[in-house]
Amino acid sequence: MRHFICILQSVLILFVFALSAFAGSSEEVINEVKIQLELGHSSRQIKVQKVKFIASSPGLSVSLPQGIDIEGNDDVAIELVLNFGAGDIDRLVVDVAWPESVAELRSLPRTEMWKFLLENGSPGQVKRLLEDPWNKPDAPMLTVQLNDEGTLGFTIGLEQLLLHGGMWLPEHDIYVTTAINPVDFDRHVASLKGKRVLDRVINEPDASLEQYRALWTDFGNPLISDSSWEQWQTSWMGTRGHLIITAAAHGSVYKFAVDRYGNVRPDFASPYKFSLDFAWKETQWKEQRIVDGLPVIVTKLEKNGRYYELEQFAAPLGDADAASRGYIPGVFFSKVKISGEPGPFRFSIAYTQELENRQVELNEINNKPAVVDSLTGEVFLILETQQGFTVETENQHVVNDSNQIGISVYGELKEGETVELILKLPSPAVTVARAQNVAEADYKSAREGVINYWNSWISQGAQFIVPEEEVSQLIRASLWHSLVLPRHTMGADSTPHMDIPYANTAYGQQNADWPINQAVYVDYMIYGLRGYEKVAEDELLSMFKTQQLPDGRIGGYANWGVYSPGHLYAIAQNFLLSQNREQFDNLLPYSMKVLDWCLLQIANANNGTDNSGLIVAPLNDLSNEEREWAFTQAYFYAGLERFAKALENYGHPRSREVKDAALQMKKSVEKAFARASVKSPVVQLADGTWVNYVPSDAMTTRRQLDQWYPTDVDTGPLHLSRLGALDADSWLTTAMLHDHEDNLFLYNQGAANEPVYLPQANTYLLRDEPKAVIRSFYSMMAAAFSHNQLAPLEHRWGHGQYYGPPSTGGAWFEILRRMLINEVGNDTLFIGQAIPRKWLMKGKKVEVKHAPTYFGPVSFTMGVQNSNDKIVTVVELSNRNQPKNLMIRVRHPESKTIQSVTVNGKLWNNFDFEKEYVIIPVPNGGKYIIETLY
């Protein structure tokens with residue numbers, strides 16, 4: 001100890017001399033502070049910990065540490081080894097000095113997302129983000145390294161420490177304060193207010209959809225006045241905001257977009273442009289919804305006791321199954337029903353033909369009023385009215401080179417009567433001869449045909465039936481949202497071609513510019529998980545045809561780093577679910593080219609100058625600099641890991657090579673992002689404590705509020721845990737989850753700006769935290785879809801609010817599917833992992849039929865029988881590939897504790913009453929009847 005004190009005194013003398021010399025030769029202001037670390041306040045067991053102090057900012061100096069309350073088993077030197085915990089608290093003091101900050105501050109980006117969050121987030125959230133030193137390039141930083149590799153530890157922003165006086169890091173069991181006038185630990189902890197979001201979730205009942213619909217604005221809803229959201233409402237051909245995208249059939253070229261008032265437009269890429277508007281003069285909008293989760297849209301309005309109901313849908317003009325790819329023409333039906341206060345009524349519509357050299361006029365087809373082109377004879381719109389109606393032209397003129405006509409329909413409404421008007425809008429326009437078919441089309445038959453067509457699609461896949469109608473509706477809607485997206489055409493070479501845009505009313509509409517969204521979030525999460533193998537195969541092959549480059553990689557807009565490994569991930573997942581070797585054979589030649597390109601990138605990453613093992617590539621379209629983005633690493637690992645498993649199941653000789661590359665990638669990710677987190681300044685949470693920050697780029701050790709919001713959040717580091725590149729229970733994952741929930745999600749409501757990328761729900765499933773899963777599920781449903789029409793959305797705030805991307809529905813459905821039926825690793829099947837308790841109330845049940853899994857098709861039912869004292873689960877396993885363990889969680893609606901269990905009539909002791917699950921080791925297929933008694 002005496003030798004150490006001598007060394008320490010010498011170093012301190014040199015340190016003070018150096019500071020004096022530095023101060024004497026410069027006019028810069030030098031800041032000095034003594035920092036005190038206290039270790040062992042919460043540990044119940046003795047911990048052995050290395051400690052090393054490192055200056056982590058320009059000009060900062062740190063002295064050798066001085067020990068306080070140090071015992072004989074502690075080694076205090078430049079690198080310390082401390083024994084603490086179980087009542088033993090060790091204290092270290094260091095002197096730190098740094099020059100005043102002079103660097104130009106970083107600014108928020110031009111996109112509005114961070115700005116909106118900082119102006120509208122919860123008060124504590126905003127305060128914490130504003131105090132973060134992200135914008136000061138020369139902010140003073142002191143790193144406390146806790147192992148030799150630099151993969152454990154943290155960094156303190158010294159200005160934040162001086163501001164708060166003390167910083168408690170419970171995950172490290174380290175308290176930091178100033179050594180002169182230190183803040184007592186117990187007093188500091190007692191002063192902390194608030195709770196972490198996840199701590200609240202653990203102690204609250206299950207979340208609900210009603211709860212989160214009340215929290216998330218249903219923007220575009222005319223009954224909700226929230227001006228802060230209006231500036232980002234997108235416009236399309238005179239409509240504003242919300243649009244529901246429909247089509248007459250899967251892959252149809254001719255699509256229809258419907259706004260909240262029932263006004264109709266074509267999609268961006270339609271070769272045929274028109275506008276149909278309803279003049280609801282002085283009426284009050286009441287509601288809009290879809291019927292039974294299908295593309296039948298009902299809009300209701302009211303005026304002085306007079307009620308207007310508009311029901312709309314798209315139907316094929318002819319046999320949809322006989323159409324040549326997507327060229328089948330469609331007819332959009334709109335039925336207007338008027339009821340209520342008797343007396344005269346007048347109803348107006350406006351039709352605009354956007355094509356050049358057209359002259360619209362009101363005429364007749366089959367004795368029905370029709371809007372036609374007087375020059376070509378084309379028919380644009382046909383009206384079907386009741387006897388006694390009068391139809392006349394309001395105006396007819398050219399507006400901005402587009403021909404427009406206004407039409408009024410009027411008559412007399414009698415007491416207790418409901419009158420109807422039907423509009424038939426063909427797309428594209430039809431000839432007079434074909435117009436006969438439109439005029440004769442029966443509304444009731446067409447509606448029945450549309451319902452049968454989409455129900456037929458739904459019935460072809462796995463069935464997921466839950467006792468919450470809104471959820472069931474979105475299960476159905478998410479399928480047709482996906483099926484209407486692509487356009488099936490014939491290419492210039494007379495071979496089938498498919499355009500798969502991100503959405504039908506946003507961005508480019510040719511080929512597939514966003515292959516990650518289609519391959520992973522639609523072809524896997526919608527089609528693969530529900531058994532639509534052929535649809536997925538066709539889309540994946542089409543993307544190979546249009547997006548695969550000569551070097552093997554998958555191209556797309558802005559060359560995101562995830563495009564290529566994302567393709568491998570989707571193809572592998574679908575094969576593991578279906579075991580369809582023929583389809584895997586069809587995709588394999590293209591996939592192997594992608595694989596070779598991915599393996600080459602990994603080889604280059606391991607042989608580069610920094611030898612990090614990480615892929616350097618663009619993140620997305622607005623964070624396009626090539627960096628070591630976490631999102632990219634997550635998909636490279638997951639793509640290779642899943643593809644290796646698929647190759648192994650297929651019997652391919654390269655499976656081991658790919659598996660080894662994935663394992664090496666995982667090690668590189670764990671090491672690089674742990675080091676980057678240690679070097680990043682810690683962040684404060686809602687309870688006043690501090691935790692590590694995990695950056696979105698391993699090369700940038702700080703928050704990146706100077707980039708757009710998705711850089712750190714939507715496509716940020718938490719995807720490393722969601723996709724298994726970081727272990728879900730690791731300290732890095734824990735830190736990320738708390739930071740996202742407390743600081744990065746607007747209002748702390750558990751949803752990101754682009755809900756499609758919401759990463760935390762699957763991470764909670766991996767951690768087996770059902771309450772947190774359920775909260776994320778409902779928050780996403782309320783944030784990512786309009787509230788009654790269930791139209792999927794791209795952005796929540798700060799950017800154009802584009803509607804229609806089915807990838808949003810895919811991300812939501814994957815969460816639901818895993819809540820109900822989930823593979824844990826490669827050998828365990830988990831039934832009912834995160835079912836909301838209210839779904840198992842008396843008289844209700846959950847049912848899954850023929851769900852594709854790694855273990856073959858699986859079905860189950862779960863529900864209360866007779867009383868709340870017994871819940872019966874029936875599981876039917878496939879004989880294809882048996883899991884090593886079958887787990888069944890039964891979450892009693894009143895949180896009652898399991899008292900006993902029977903399996904197939906025999907008493908069963910292998911259950912955990914605290915975690916609420918039953919374990920059946922080595923199931924041998926067939927049916928299992930599990931009765932849990934309370």
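Guide: A residue is called buried if its relative accessible area is under 20%, exposed if that area is over 50%, and partly exposed in between. The model shown here is predicted, and the labels that follow rest on computed values.

Visitor: What makes Gln 36 count as buried?

Guide: The relative accessibility of Gln 36 is 7%, and the cut-off for buried is under 20%, so Gln 36 counts as buried. This residue lies in strand β1, which covers residues 30-39. Leaving aside neighbours within four places in sequence, Gln 36 is in contact with Ile 68, Arg 91, Leu 92, Val 93, Tyr 175, Val 176, Thr 177, Thr 178, Ala 179 and Pro 182.

Visitor: Which side chain makes a polar contact with the side chain of Gln 36, and why does the pair qualify?

Guide: The partner is the side chain of Glu 38, at 2.7 Å; because a polar contact requires a pair of N or O atoms within 3.5 Å, the distance meets that part of the criterion.

Visitor: How do you know whether Glu 302 is buried, partly exposed or exposed?

Guide: Glu 302 has a relative accessible area of 21%, and since partly exposed covers values between the buried limit of 20% and the exposed limit of 50%, Glu 302 is therefore partly exposed. The residue has its place in strand β18, residues 297-303, and, not counting residues up to four places away in sequence, Glu 302 touches Thr 283, Gln 284, Lys 286 and Tyr 307. Glu 302 and Arg 200 are 102 residues apart in sequence, and their C-alpha atoms are 43 Å apart in space.

Visitor: How many aromatic pairs does a search of the whole structure find, and why is the pair of Phe 313 and Phe 333 called stacked?

Guide: The search finds 46 aromatic pairs. In the pair of Phe 313 and Phe 333 the ring centres are 5.2 Å apart and the planes stand at 20°; ring centres must lie within 6.5 Å for a pair, and planes under 30 degrees apart count as stacked, so this pair is stacked. Phe 313 lies in strand β19 (residues 306-316) and Phe 333 in strand β20 (residues 330-340), so the pair ties together parts that are 20 residues apart in sequence. Phe 313, with a relative accessible area of 0%, is buried, and Phe 333, at 2%, is buried as well.

Visitor: What makes the pair of Phe 333 and Tyr 443 edge-to-face?

Guide: The centres of Phe 333 and Tyr 443 are 5.9 Å apart and their planes are at 75°; because planes over 60 degrees apart count as edge-to-face, that is the label the pair receives. This pair links distant parts of the chain, with Phe 333 in strand β20 and Tyr 443 in helix α10 (residues 443-460), 110 residues apart. Tyr 443 has a relative accessibility of 5%, so this residue counts as buried.

Visitor: How do you know that the charged end of Arg 530 sits over the ring of Phe 813?

Guide: The charged end of Arg 530 is 4.7 Å from the centre of the Phe 813 ring, and the distance limit for such a placement is 6 Å. The charged end of Lys 666 likewise sits over the ring of Tyr 637, 5.5 Å from its centre.

Visitor: Why are β28 and β40 placed at the edges of their sheet?

Guide: Seven strands form an open, antiparallel sheet in the order β28-β35-β36-β37-β43-β39-β40. Strands β28 (463-465) and β40 (906-908) each have a single partner strand, so one side of each is left without a neighbour in the sheet. The twist averages 15° from one strand to the next. Helix α23 (residues 806-820) lies across β28, β35 and β36 and runs at about 80° to β28.

Visitor: What makes β37 and β43 a pair?

Guide: Strands β37 (residues 870-877) and β43 (residues 926-933) are joined in the antiparallel sense over eight bridges; because at least two bridges are required, they count as paired. Ile 871 stands opposite Thr 932 in β43. By the same criterion β39 (residues 900-903) pairs with β43, over four bridges, and the bridge partner of Val 903 in β43 is Ile 930.

Note on methods
Residues are numbered from 1 along each chain as its sequence is written. This is a predicted model: local features need pLDDT of at least 70, side-chain atom pairs count only at pLDDT 80 or more; totals for chains, interfaces and linings use all residues. Side-chain values use heavy atoms; hydrogens and water are left out. Helices (H or I, at least four residues) and strands (E, at least two) are DSSP runs, numbered from the N terminus. Axes are lines fitted to C-alpha atoms, for helices over the stretch in contact, and angles run from 0 to 180 degrees between N-to-C directions. Contact means heavy atoms within 4.5 Å. Buried means under 20% relative accessible area, exposed over 50%, partly exposed in between (1.4 Å probe, protein chains only). A polar contact is a pair of N or O atoms within 3.5 Å; within protein, one must be able to donate a hydrogen and the other to accept it, and residues adjacent in sequence count only if both atoms are side-chain atoms. Rings of Phe, Tyr and Trp (its six-membered ring) pair if their centres lie within 6.5 Å; planes under 30 degrees apart count as stacked, over 60 as edge-to-face and the rest as tilted. A charge sits over a ring if NZ of Lys or CZ of Arg is within 6 Å of the ring centre and within 35 degrees of the ring normal.
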